[in-house]
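The following exercises concern how two parts of one chain meet. Please study the structure, then work through each solution in order.

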Number of protein chains: 2
Amino acid sequence: MKKLINDPKNVVDESVEGFGLAHPDIVSVTPDPLFVARASGAVSGKVAIVSGGGSGHEPLHAGFVGVGMLSAAVPGPVFTSPTPDPIVAATLAVDGGAGVLHIVKNYTGDVLNFETAADLADAEGVRVASVVVDDDVAVKDSLFTAGRRGVAGTVFVEKVAGAAAERGDDLDAVVAIATKANSVVRTMGVALAAGIVPHAGEPSFVLADDEIEIGIGIHGEPGRERIPLEPADAIVDRMLAPILEDLPFASGDRVLLFVNGMGGTPLVEQYIVYRHAAKVLAEKGIEVARTLVGNFATSLEMQGVSITVAKLDDELTELWDAPVETVALRWGR
Amino acid sequence: MKKLINDPKNVVDESVEGFGLAHPDIVSVTPDPLFVARASGAVSGKVAIVSGGGSGHEPLHAGFVGVGMLSAAVPGPVFTSPTPDPIVAATLAVDGGAGVLHIVKNYTGDVLNFETAADLADAEGVRVASVVVDDDVAVKDSLFTAGRRGVAGTVFVEKVAGAAAERGDDLDAVVAIATKANSVVRTMGVALAAGIVPHAGEPSFVLADDEIEIGIGIHGEPGRERIPLEPADAIVDRMLAPILEDLPFASGDRVLLFVNGMGGTPLVEQYIVYRHAAKVLAEKGIEVARTLVGNFATSLEMQGVSITVAKLDDELTELWDAPVETVALRWGR
């Protein structure tokens, strides 16, 4: 294993410390228990949003902390849910009196620990609601998951829910937006090569020199099938078909098309994937109204991508477009 | 070789086409000869800035086309300079009557082809000036280079020169800013593993399982030395020392600290590098006034990072902070 790390057991603490040092205008890091909150602190009278989960998916979630998106992120150990303690601490720290939404990716550990944290925060007088994201169409159940996994679509849910909170929606309304966003977003991934969890020291799985895995999870969980490498366009066809038939997406729909790099695949390849996905959608009469391309929900240095499609209505489009100022997403239109 | 591509010979064309499809609000792609310009077209009365070079370093340069930065980018084949033709076409397309600055990374092929293009554009009545970027302190001469290489510091030069053009500086003034920026920026890289050029099909170089290369170039050119893997903090010490003594940087300086991922190294590691670099600078009394962390000047899927330090004065700080709206850098402060 070759990585730019010091002691494997300090990877998350040191990386998050570096993140805080690099972006003091946007975030503030609390080291113990570990969480990342907005530098500007709790916002009185507005709903706060907390997300989190195992580390190794950066910039998810700490990269999305900032005005217009998350209030705080709670990074667990690599590929391991944070315990309830830091989730409670983050929740209490960012509550502005209007309640807190937990956005939780659907993994058994995350769901359980966020539930416990919500109960504990509730006992401290903070109203907490939760929305679980489960956008991965690859498999129904998987390692660490009952039901579908939460993957890159989480970025979409966090963005629009954050915008709703920012404009002053109450907790029920923010929950409704996040729930709607999750109901219209679908994702599918592919892996060419695994990442290596620092404290494990070995690749999470091994693919042959000419082999790829369709439907991979963001922790390297098994997908649908292992097949020989194909041209990118054929791989994109394989990934898009189950996405489009799942919702289903139909001619006349307006969508966000989001090609997400898994960490070790360069942009030059991600845009080749984007190119064909955009063409397939155009052929089907589906209008790509918004786009996102880059490494946003990664799996360490895994080589591969995921494709996310989210159906937009006017409200979701407006919330997607709303100003955001985080480390990983920043715009002001 | 496993990559998300179709025919290796179409990698650049297809990727740039995808880039244009993804970001029509920001860029416009001309396919033949191939260049990427601002969607908003030439700006009458303002200096235009054109950069370019071999592909495989994305988002450099096309990701920096947009208001406040580049007017156009000319992507050559992977790791190979574009010929003069597309450079001339881009130069003529973006000229707004106030002249065009070429920002050129110091590689023999790029310098030669941009010079030829400048002469040809000049013959068409467009005044062209050139600034060559050579920020890499690793080695004096290298493969494809007489003198120091131009690497990640190019992002800094392009940002501040673009801001100078945007505020209405004339060509001489924009040249002066770009020249000053290049004179205060220094970079050093490290590789843990090579990327694979698509049409070559094999890694550009091979490092042993426990080996890294200090001073690597962004095309995998040899650096200073190959050494056994060390803890990240020790590697950062090795990279920073020659940077700091080169300018030299001194106590009381205000700097931009830029940790750049080479393409295959995840953010979790980049922030561990950032953390120690920031601490070393703080210990030396050098104030980190601005930061940038992420994949900005890459080498396909190479694993590694570079560290760039740029000395800021009030003017360079103001130009760095000026609003920018490109695919890869976007802010409005």
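**Exercise 1: the buried area**

Determine how much area is buried between domain 1 of chain A and domain 2 of chain A, and what share carbon and sulfur atoms give.

Solution. The area buried between these two domains of chain A is about 2800 Å², where buried area is the accessible area (1.4 Å probe) that two parts lose on being put together, summed over both. Carbon and sulfur atoms give 64% of it. On the side of domain 1, A:Phe79, A:Val137 and A:Phe156 lose the most area to domain 2, together 22% of what that side buries.

This is a predicted model, in which local features need pLDDT of at least 70 and side-chain atom pairs count only at pLDDT 80 or more, while totals for chains, interfaces and linings use all residues. Residues are numbered from 1 along each chain as its sequence is written, and side-chain values use heavy atoms, with hydrogens and water left out.

**Exercise 2: the domains and their contacts**

State the bounds of the two domains of chain A and count the residues in contact.

Solution. Domain 1 spans 12–183 and domain 2 spans 185–317; the bounds come from an automatic or database domain assignment. Their C-alpha centres lie 23 Å apart. In contact (heavy atoms within 4.5 Å) are 34 residues of domain 1 and 38 residues of domain 2.

**Exercise 3: salt bridges**

How many salt bridges cross the interface of the two domains?

Solution. The rule (a side-chain nitrogen of Lys or Arg within 4 Å of a carboxyl oxygen of Asp or Glu) finds four across this interface. A:Arg167 and A:Glu315 also meet through their side chains in a salt bridge, at 2.9 Å, N to O.

Terms used:
Chains lettered and ligands numbered in written order.
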